[in-house]
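Here is my note on this model. Please read it with the coordinates open.

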Amino acid sequence: MIKKLLKKYERLIKYGLITIFITILDIAVGRIALKIGLNIVISNTLGVVTGSIFQYILTLKFAFKNAYSKENFLIHVSTFLFGLLIANIVIKYAYNAFLLRFSEKLSFYIAKTLSIVSTFFITYVLRLNLYKKFE
C-alpha cells in the first residue's frame with residue numbers, strides 16, 4: 001500500500017523535496033539581503049529569484065520529467081512571476097504585522113514561511129497542468 005502511495009504521489013514528493021532545498025537557499029539569500037539593509041520585498045525577491053533558477057532546472061528534470069524547451073521555460077517564468085507576486089504581497093504585510101509583536105528575526109521567519117506555503121501548491125498545480133497541456 002505504501003509503495004502504491006509513493007508511486008501515485010512520486011511527482012509531488014520529488015517536487016516537495018526539491019522545494020525544501022530551494023526554500024533553504026531562498027531563505028538564506030533573503031535573510032542576508034535583509035541584514036545588509038535591503039527592504040523586505042527586495043530581499044524576498046532576491047531569494048525567490050535565486051531559488052527559482054535552481055527550481056526550474058531540478059523540477060523539470062526530476063519531478064515533471066520534461067525536456068528543457070522554450071515553452072517549458074515560459075511556463076516556469078510565468079508561474080514564477082505569479083507566485084512571486086503572491087509571495088511578496090504576503091511577506092510585506094505579514095512581516096510588518098508581526099513586527100508589532102515579535103523580534104525582527106522571528107517576524108522575518110514567520111512571514112517567509114507564510115509566503116512559501118501560500119505559493120507552493122498554487123505553482124505546483126499550475127505547472128503540472130500547463131506542462132501536461134503543452135507536452
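The points below cover the basis of the model, a surface patch, helix packing and salt bridges.

1. Basis. This is a predicted model, in which local features need pLDDT of at least 70, side-chain atom pairs count only at pLDDT 80 or more, and totals for chains, interfaces and linings use all residues. Residues are numbered from 1 along each chain as its sequence is written, and side-chain values use heavy atoms, with hydrogens and water left out.

2. Nonpolar patch. Met1, Ile2, Leu5, Leu6, Tyr9, Ile13, Leu17, Ile20 and Ile24 make up a nonpolar surface patch with about 970 Å² of accessible area together. The elements giving two or more residues to the patch are α1 (2-8) and α2 (10-35). The largest share, four residues, comes from α2. Patch members have over 30% relative accessible area and no salt bridge; nonpolar side chains (Val, Leu, Ile, Met, Phe, Trp, Tyr) are joined within 5 Å, and like charges within 9 Å. Areas come from the Shrake-Rupley method with a 1.4 Å probe; for residues, only the protein chains shown count as cover. Helices are DSSP runs (H or I, at least four residues), numbered from the N terminus.

3. Leu5 and Ala33. Leu5 sits in helix α1 and is partly exposed at 41% relative accessible area. Ala33, in helix α2, is buried at 5%. Buried means under 20%, exposed over 50%, partly exposed in between (1.4 Å probe, protein chains only). Leaving aside neighbours within four places in sequence, Ala33 is in contact with Leu38, Ser43 and Leu46. Contact means heavy atoms within 4.5 Å.

4. Packing of α3 and α5. The axes of α3 (residues 40-63) and α5 (residues 104-133) come within 12 Å and cross at roughly 35 degrees. Axes are lines fitted to C-alpha atoms, for helices over the stretch in contact, with angles from 0 to 180 degrees between N-to-C directions. Residues of α3 that meet α5 include Val48 and Tyr56; among their counterparts in α5 are Phe108 and Lys112.

5. Salt bridges. The structure holds five. The criterion is a side-chain nitrogen of Lys or Arg within 4 Å of a carboxyl oxygen of Asp or Glu. Glu10 pairs with Lys7 at 3.5 Å, N to O, and with Lys14 at 2.9 Å. Glu10 and Lys14 are four residues apart in helix α2, so about one helical turn separates them.

6. Asp26 and Lys112. Their closest N and O atoms are 2.6 Å apart in a salt bridge. Asp26 lies in α2 and Lys112 in α5, so the pair ties together parts 86 residues apart in sequence. Both Asp26 and Lys112 are buried.
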